[in-house]
2 protein chains.
Amino acid sequence: MTDQDSDLRARLVAAGVELVATGGVQALGLREIARHAGVSHGAPRRYFPTHRELLAAIARNGFGRLTDAMAGADALAVGSGADARGRLDALARAYLGFAAANPGMFELMFRHDLLEGSGAELRRTTVPLFLTFVGLVAELHPGSGDPAVATAALWANLHGLAQLRTWGSLRLITGSEDVEPLLRAALDAHLGPAAR
Amino acid sequence: MTDQDSDLRARLVAAGVELVATGGVQALGLREIARHAGVSHGAPRRYFPTHRELLAAIARNGFGRLTDAMAGADALAVGSGADARGRLDALARAYLGFAAANPGMFELMFRHDLLEGSGAELRRTTVPLFLTFVGLVAELHPGSGDPAVATAALWANLHGLAQLRTWGSLRLITGSEDVEPLLRAALDAHLGPAAR
DNA sequence: GGGGCGAGTAGACACTGTCTACGAGCGCCT
DNA sequence: AGGCGCTCGTAGACAGTGTCTACTCGCCCC
């Protein structure tokens, strides 16, 4: 698991991360990743039996970075004295911010056809993140139904906003590329109007 | 545009629709569609200069069917005396129902990487549908901000639910495959509790 | 009746992911 | 010290893909 342990494995993932950031998902050909890492096209097979497993490893990196980004945003919110609602705001913004800053990676992370087989494991990595969401929602809305359901509905809203923005529908509909008003509307709808 | 006009064009799209229903997006190879339509692999090129344009035509079929399904559900709701909230319920359920019944097609419809170039045109086909949404939301919440923003936020919620369900996250989170409680939560959040 | 042309065929090309045979380089053990 | 074995990466074959180009067949119109 260290940097030294199986150098090429880490280099391949790093090459994939770089490629998906610059060229999107379609730049993640097996041979192209191998070229980018400076090895022959057969080399990845030693560490990743199939192309999909390499993609899954790249996606795993993305989930890690997403988790880190959100944890960081949450810690920052807590540090500046935010309450539950403020923390949820910060987490939601971090989610959308990650999707906007890493559209290719975000797409890869949720392309179940590319990750089949490893999908279940990747899904599990989002659980801790989700649990903090649930805790905050429960704190904000005590005793009003299952907080997991409310949280899942909210998460789906964030996710939909992220997807539809990269798909380009939002600008068509609202006339603006800005998700901010939509995000506010979604948060207000699910969590109640923000305290001001 | 009739059945007779360029027979093969329609047959190719029909073959694609069938293939995507049974084998998902990855079954939509150009050569495989041609085989399924009983022609050689070079034939599609006469009607679709590139593979992506054929996929776009298949997706266009999907958008048409989605629009029809939602319009039908809405008409049914109106026929049974539903108010604005009831119609929105029916429309939302139709959207999720379509996504659940045609997961491959739904995925294709929102795979911008496969539809690049034709994406803008396809997006436009959803506008009338969206406008009825906006009208109903405006009727339900008169004078509370831009109804287009509220509607876009709601649509994103539906879309996110559809995507996350096919991705398999919802079962992990809520312990159940059923979207119904999540849908109710989303609708209640955005539209207020349902009249009963 | 013959020329042009639209429609589909067939093959070439570069490229992909997978599989297999091979070889270079290193550590280990006697 | 020397040979063995094993890990790691190379190189080529293979079937399959999307695109492009040459071609052929059949039909319509003059």
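Me: What classes of residue make up the surface near DNA strand D?

Reply: The surface near DNA strand D has 4 nonpolar, 8 polar and 5 charged residues, where nonpolar means Ala, Val, Leu, Ile, Met, Phe, Trp, Tyr, Cys or Pro, charged means Asp, Glu, Lys or Arg, and polar means the others, Gly among them. This is a predicted model, in which local features need pLDDT of at least 70 and side-chain atom pairs count only at pLDDT 80 or more, while totals for chains, interfaces and linings use all residues. Residues are numbered from 1 along each chain as its sequence is written, and chains are lettered from A and ligands numbered from 1 in the order in which they are written.

Me: How do you know which residues come nearest to DNA strand D?

Reply: A residue is near a strand if its C-beta atom, placed from the backbone, lies within 6 Å of it, and of the 17 residues around DNA strand D, A:Ser40, A:Gly42, A:Ala43, B:Leu30 and B:His51 come nearest. Helix H2 (30-37) and helix H3 (51-79) of chain B are the elements that give two or more residues to this surface, and H2(B) gives the most, with 3 residues. (Helices are DSSP runs, H or I, of at least four residues, and strands are E runs of at least two, numbered from the N terminus.)

Me: What can be said of the residues around DNA strand C?

Reply: Here there are 15 residues, and A:Gly29, A:Leu30, A:His51, B:Ser40 and B:Gly42 come nearest. Helix H2 of chain A gives the largest share of the surface near DNA strand C, 3 residues, and by class this surface has 4 nonpolar, 7 polar and 4 charged residues.

Me: Chain A can be laid on chain B by a turn and a shift; what is that relation called, and why?

Reply: When the copies are superposed by least squares on the C-alpha atoms of residues with pLDDT of at least 70 in both, the turn is 180 degrees, the shift along the axis is 0.0 Å and the RMSD is 0.0 Å. That is therefore the relation of a two-fold axis. The same surface serves both copies, since 100% of the contact residues of chain A recur in chain B, two residues being in contact if their C-beta atoms, placed from the backbone, lie within 7 Å.

Me: How many residues does each chain give to the contact?

Reply: Chain A gives 34 residues and chain B gives 35. On the side of chain A that touches chain B, H9(A) supplies the largest share, 13 residues, and the residues of this side divide into 20 nonpolar, 12 polar and 2 charged.

Me: What does the crossing angle make H4(A) in relation to H11(A)?

Reply: Helix H4 (residues 84-101) and helix H11 (residues 180-191) of chain A have axes that come within 11 Å and cross at roughly 140 degrees; axes are lines fitted to C-alpha atoms, for helices over the stretch in contact, and angles run from 0 to 180 degrees between N-to-C directions. Angles under 35 degrees count as roughly parallel, over 145 as roughly antiparallel, 65 to 115 as roughly perpendicular and the rest as oblique, so H4(A) is oblique to H11(A).

Me: And what does the angle make H8(B) in relation to H9(B)?

Reply: Helix H8 (residues 127-140) and helix H9 (residues 147-167) of chain B pack at about 115 degrees, with their axes 9 Å apart, and therefore H8(B) is roughly perpendicular to H9(B). By class, their contact has 9 nonpolar, 1 polar and no charged residues.
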